[in-house]
Amino acid sequence: MADISQDSNTHKKGGKRRSKKLPTRIDFTPMVDLGFLLITFFMLATSLIKPQTMEITMPSDKKLNEEDKTVAKASQAVTLILGKNDKVFYYFGKTEGAQLIETNYSPEGLRKLLLEKNYDVARQVEDLKMEKAKTRMEEDVFQKRLGEIKANKNAPIVRIMATDDSNYKNLVDALDEMNICSISRYAIVDIDLPDLQLIKDKNI
Amino acid sequence: MPKVKIKRKSTWIDMTAMCDVAFLLLTFFMLTSNFTKKEPILVATPSSISEIKIPETNIMTVLVDPSGKVYFGIDGQEKRRQLIEKMAASYKVSLTTEEMKRYSLLDLVGNPMYSMKAYLNLSPDVRDLPQNNLGIPADSTDNQFREWVRSAREVNPDMRIAIKADQKTPYPVIRKVMKSLQELDENRYNLITRLEKAPGK
C-alpha cells in the first residue's frame, strides 16, 4: 500500500529504543471526502444525455411554383390537417369534394393509415433492415439501398397542414410518423383557403 | 515468558484504494463533462424516434417557450461578442464593452434590442424572471429574430440551426420562426426532441 509503515512494532523485542519517529501514515479520509464531493458536483452539473434531433429540410420558397407543384398525382396525395385537441384529419387526392376523415396520433390511427398507403416501401425497408441485421451489411451500402427503395415513384406524397389551433407536439408527431412509415416525400405547407373551408364545413 | 495476548485488530482502514477510485471517477467526469447549459426557461421537448445527436459546437439555438417567446443564442464567447456588436450596430443601440462582455457570457437571450441594455444591466439573479424576458420579436413588421440569425450566420458561416420548442407551443409561433428562416433561405435545420422507442423493437 501507499502508506509506508515505519512503526516500531517490529523492533520492540530488541529492547533498544530508538529516537521516536513520526509515523508517515497519512489519514486519507478527508481526501476521499473531497474526492466524492467533487464527483457529486460533476455528476450533477453535467448533461450526460445529449439531446436528440430530427433533421428537416423545408422547401425553399423560391422554386416552389414551377416544377414542384405539378409532380404530385392526385392518387398519391395524402393531406393531413392537424387540428386542435390532438386531432388529425386526412383526405386523399384533390381538395375539391374531399371527405375529411378524423383520426389520431396513435399507432392505430395515423400510422396504420400511412403504412397501408406506403405498404410497398415500408415492407422493403423492413426487409432491408432484417437483411442488414443478419448479414452485417456495410452502412453505406445500406444507405444506398435505402435511398433506392425510397425513390419509389408510386410512394405517397404527404402534405402536412397545421392549423393555428395545433401545437408543436402535433407537428413533431406527424413528422415522426413520416420517419416511422418511411415516407420520403412530405412537406409542411401552409393551410390554404379550400382546406380551411373543409374544416369549417366539418365544424371542428 | 511473555504473556500471550489476543492481538487487537487495528481499526485503521487503508483509505488509499478508495481515494484512488474516487479520483479516477472524478477525472472521468471532469474529462467527459460538458456542462448543462443554463436556459432561462425549462421546456419539455416532444419525443421522436430520431437518434441523430446534436453537435456541440457551431450551433445556434432557438428556444421557444409555451407562451411563444423566442430566445436565441450561439456558442462560443468570442463569437457572441461579435454577434452583439453587429446587432447593436444595426439597431443603433449603444452598448458598452462591459455590457457586450456580459452578453457573451449568456447562453440564450430573449429580449428585443431596445430593452437589451436594461436587461444586461440587471443583476444575474433577477435576469431569468419572466417579466425580464420579453422574447425576441419575430413578426413581419419587426423581425429582429431574422436579424439575429442573419448576423450569426455572418459571424460564423458553418453554424447549424437547432430549434428547441415546448410541446405545447402553438403552431403559429413555430410558423413565424420557420417563415423567418425560410426568408433567409435557411432550409435545413434541426428540431430538438427527446428519444422515444421506435416501434417494433
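Which residue in E2(B) is the bridge partner of A:Thr53? The partner is B:Ile52.

This is a predicted model, in which local features need pLDDT of at least 70, side-chain atom pairs count only at pLDDT 80 or more, and totals for chains, interfaces and linings use all residues. Residues are numbered from 1 along each chain as its sequence is written, and chains are lettered from A and ligands numbered from 1 in the order in which they are written.

**Between the chains**

Strand E1 (residues 52-57) of chain A pairs with E2(B). The sense is antiparallel, over two bridges. Pairing requires at least two DSSP bridges between the strands.

Chain B brings 47 residues into contact with 41 residues of chain A. Contact means C-beta atoms, placed from the backbone, within 7 Å. Helices (H or I, at least four residues) and strands (E, at least two) are DSSP runs, numbered from the N terminus.

H1(B) supplies the largest share, nine residues.

**Within chain A**

The domain assignment, automatic or from a database, gives domain 1 (72-118 + 155-204) and domain 2 (120-154) of chain A. Their centres, taken over C-alpha atoms, are 26 Å apart. Seven residues of domain 1 of chain A are in contact with six residues of domain 2 of chain A.

Technical notes. Contact = placed C-beta atoms within 7 Å.
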